[in-house]
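Okay, thanks for making time, everyone.

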Amino acid sequence: MRLTIFLALMCVFQLQAQQSTDLTYYLPQNTTYDSSIPTPASVIGHEVGEWHITHDKLVNYMTTLAKASDRIQIENRGSTFEGRPLLLLTITSPENHSRIETIRNTHIAATETNNANSNDRPIVVYQGFSIHGNEPSGSNASMLAAYYLAAAESSEVQELLKHTIILFDPALNPDGLQRFAYWVNTNKSKNLNPDPNDREYSEIWPGGRTNHYWFDMNRDWLPVQLPESRARIATFHKWLPNILTDHHEMGTNSSFFFQPGIPSRTHPLTPAMNQELTKRIGDFHAKALDKIGSFYYTEESFDDFYYGKGSTFPDINGGIGILFEQASSRGHIQESDNGILTFPFTIRNQLTAAISTLEAANSMRKDILQYQHDFYKNARDEANKEQNKAIIFGDEKDAAKTFHLAEILERQQIEFFNLKKDVKLNNKHYKKGHAFVVPKNQKNSRLLNAMFEKRTTFKDSLFYDVSAWTFPLAFGLDYDLETTTELAGTKVDTLKMPEGKVSDMSNYAYLMEWHEYYAPKAIHKILNKGLRAKVGMKRFEINGKSYDYGTILIPVQNQNLSQKELHTFLETVASESHITIDGVATGLTNGIDLGSNQFRALNAPKIGLIVGSGIRSYDAGEIWHLLDQRYDMRLTKLDTKALNWTSLDRYNTIILPSGSLDDKVSEKLKRWVQNGGTLIGYRSALNWLKNKEFIALDFKKMNQTAQHISFEQKSDFRGAQVIGGAIFEADIDRSHPINFGYKNDKIALFRNNTMFLKADKQSYNNPIQYTKNPLLSGYISKPNLDSLAQTVPFQVKRLGRGNVVVFTDNTNFRAFWYGTNKLMMNAIFFREEL
């Protein structure tokens, strides 16, 4: 009874707090505030925390604030996929603003010289909020933090601004923030209800965590594939901030976390001093949170391993990344193990941590500036030992894929050079114009090492995210880590995409090799134009040039375009797709002739992508993004909730990302396959497809018995059996259509699951098969590695007149796994030949 009364009183107290949260609840009261500076409520029309801020209102407030304060300059660095601005506020003293470019140049110069004065230079702090849109307390707190920095009149704040340049990013994920705010605001009641069963706390698929294409943008700091990432990485390298904070939320029953994370899970390339300084900064957070009575913890979870996260990326770039995780109300108010959790309470904790970060930066300014200077000095000393050493990467058959890896290097401020001349190294051919040389002796040598290294031994066996991301493997490129700068030609100052062309006008036929990354884009345009095209099932030679498996043939005769119109159209296709198309004047070849039945007619794909409840949104978004943004292909997103009454007859290809469907859908989908459709399933969808008898699959059974493992060690034991994300080698049969366009007989695959599919008894049914020792980079337990060896990541089987194609692994991981994108495209375009 007493407990019930206590909980009821707590609920009343928290409800009152929710309804009366003006600025005095949030802001420090040891200062006066300039009345000429607009408060958030005066612009957005409600107190902070009363409603979830929408991005348009957030932009309006930040713009209004910048106009009113001489401490703030605002800029728009670009747009999201949905057209929302990517704002950056630069906050500092008016005196610093008047010489901001001089300050920036001096700051950067200190990373490039052996002697630098840390006494008088301002420290640079990047504060980023809510990269996950449904973790909104950060962006809502950003209004309060910006107001505090603009309006507070105390000498402490003025001193802080004198010695600090604050790069202030109020919404790292505008599209996700808007999506989530719409959901919780439209489901808010006048009488706030903390019951977690209320609809307000159960956002619909895909949720607000991700961006427009359902990417987790806090994994994109290193690959830089998304527009939001590209804007912030440009800012990062322009300034090289000393501290970068990343404000997140976690489970409702948690408290508040700040770094350091678990010490044993820090990447070995991160200096020990980085973690020591992080811990010292943490003392400021602890003191500030103690003052307002908020519980917290540190060093017990999360890690600093994968450099593609916001809180870890600075660590390999001379800065200090700091993760904040606040227990989430996931709406306006919710019950938790720690009592009623209100949205204003979560905002106040985020604001408190944002201010304590700045106080730490100001207090530790000289030490942190010295750390950054020493980081780059030590990096130079290490790089100087690599004089005349270089990395080479490329693909003699695929200039576009090579370009896109170079594009990442360019964005990450890593210098590289054109290959001077064709060369052969370790049985790999590198072609001028299709390869680049990267000197090891350069400023960002540590970042370069982090991107290209292969690592298979680790201090810890648990990872918060992936354990490997070796970029040339991800791109499926040939590379050599131990070559010389003597191969380097001209430095690449402006990277350009390879130009496409049609070699000659023909009155007979055109040939297009399938190796180039954008070949699927080209064939899609050709088929959508209503033109006839075929794929070559065997190799041949004509006009002294060898053509590989998967070469595309476009006849000139019997098309719906004249000879001249066809040539003009193909010139446009070649230019837009960055490929070469060859005109030929004869069908006679050394090998299969152009009139051979070994050239099979292609039909334009009509694609349905299953999305919605039950489907992993990340995987679906990666496929949507790949087809829509890269290959300019129209697809229909088929929502699971409507599949029962949706006609599937207009599609010849349906993709089922990781997930499962309602039992009622299985018979309908099975009939569609039996009538000639191709169903492509990924990852956990294979279990559903097997159980519903779409395809017979034989998985290895994993039985791991814990021996001499205590109850305390149970979680770590189980975690060590997880494949969080590693890279593995497989043999491929290049004559199989699923492998058309690959020039090597091995492929690097990304894997983050323990689905081990046994090989078929007939070797020709195993066109992709893991090698006996498949680990290339990353962590996998010994039992799992033994189980993975010589299993297969791909199978295809007939079902009636159609096909069921399955992949155990993600071929489109996080938009930067260019090397395996073509596997899915082959399943789409060559579906009738598999």
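This is a predicted model: local features need pLDDT of at least 70, side-chain atom pairs count only at pLDDT 80 or more; totals for chains, interfaces and linings use all residues.

Which strands make it up, and in what order? There are 5 strands in an open sheet, running β15-β10-β14-β11-β16, and the pairing is antiparallel. At the edges you have β15, residues 478-484, and β16, residues 488-491, and each of those pairs on one side only. If you look at how neighbouring strands sit against each other, they are turned by 35° on average, ignoring direction.

Now zoom in on β10, which covers residues 389-394. It runs antiparallel to β15, and 5 bridges join the two.

Helix α14, residues 399-411, touches β10 and β14, and its direction makes about 135° with that of β10. Then there's helix α15, residues 445-452, which touches β10, β14 and β15, with its direction at about 45° to that of β10.

Most peptide bonds are trans, and most residues other than glycine have a negative phi. Here are some exceptions to look at.

Where do we find cis peptide bonds? One joins Trp205 and Pro206, with omega at about 5°. Pro206 lies in the loop between α9, residues 174-186, and α10, residues 227-239. Another cis bond joins Gln259 and Pro260, and there omega is about 20°. Pro260 is in a loop too, between β6, residues 256-258, and α11, residues 272-292.

Then the positive phi values. Asn426 has a phi near 50°, and it isn't a glycine. You'll find Asn426 in the loop between β12, residues 423-425, and β13, residues 428-430. Glu693 is another non-glycine with a positive phi, this time about 60°. Glu693 is in the loop between α21, residues 685-691, and α22, residues 714-719.

Are these two buried or exposed? Asn426 has a relative accessible area of 62%, so it is exposed. Glu693 comes out at 61%, so it is exposed as well.

Moving inside, to the cores. The largest nonpolar core has 227 residues, and those with the most contacts inside it are Phe393, Ile523, Ile552, Leu627 and Ile655. Which helix gives the most to this core? That would be α7, residues 137-151, with 10 residues.

Take Ile523 as an example. Leaving aside residues up to four places away in sequence, Ile523 touches Met512, Trp514, Ala533, Ile552, Leu602 and Phe829. There is also a second, separate core of 11 residues, which includes Val423, Leu425, Tyr430 and Val437.

Last topic: salt bridges. How many are there? The structure holds 42 of them.

Lys279 pairs with Glu299, with the closest N and O atoms 3.5 Å apart. Lys279 is in helix α11, while Glu299 is in the loop between α11 and β7, and the two are 20 residues apart. Both ends are partly exposed: Lys279 has 45% relative accessibility, and Glu299 has 28%.

The next one takes us back to the sheet. Glu415 forms a salt bridge with Lys491, and the closest N and O atoms are 3.3 Å apart. Glu415 is partly exposed at 37%, and Lys491 is partly exposed at 39%.

Then there's Glu833 with Arg600, where the closest N and O atoms are 2.8 Å apart. This pair links distant parts of the chain: Glu833 is in the segment after α24, Arg600 is in strand β25, and they are 233 residues apart. Is Glu833 buried or exposed? Its relative accessible area is 19%, and the cut-off for buried is under 20%, so Glu833 counts as buried. Arg600, at 27%, is partly exposed.

And one more thing to click through: salt bridges that share partners join Glu135, Arg209, Asp216, Arg219, Asp465 and Arg814 into one network.

Conventions:
Residues are numbered from 1 along each chain as its sequence is written. Side-chain values use heavy atoms; hydrogens and water are left out. Two strands pair if DSSP finds at least two bridges between them. Helices (H or I, at least four residues) and strands (E, at least two) are DSSP runs, numbered from the N terminus. Axes are lines fitted to C-alpha atoms, for helices over the stretch in contact, and angles run from 0 to 180 degrees between N-to-C directions. Contact means heavy atoms within 4.5 Å. Buried means under 20% relative accessible area, exposed over 50%, partly exposed in between (1.4 Å probe, protein chains only). A nonpolar core is a set of buried Ala, Val, Leu, Ile, Met, Phe, Trp, Tyr and Cys residues joined through side-chain atoms within 4.5 Å. A salt bridge is a side-chain nitrogen of Lys or Arg within 4 Å of a carboxyl oxygen of Asp or Glu.
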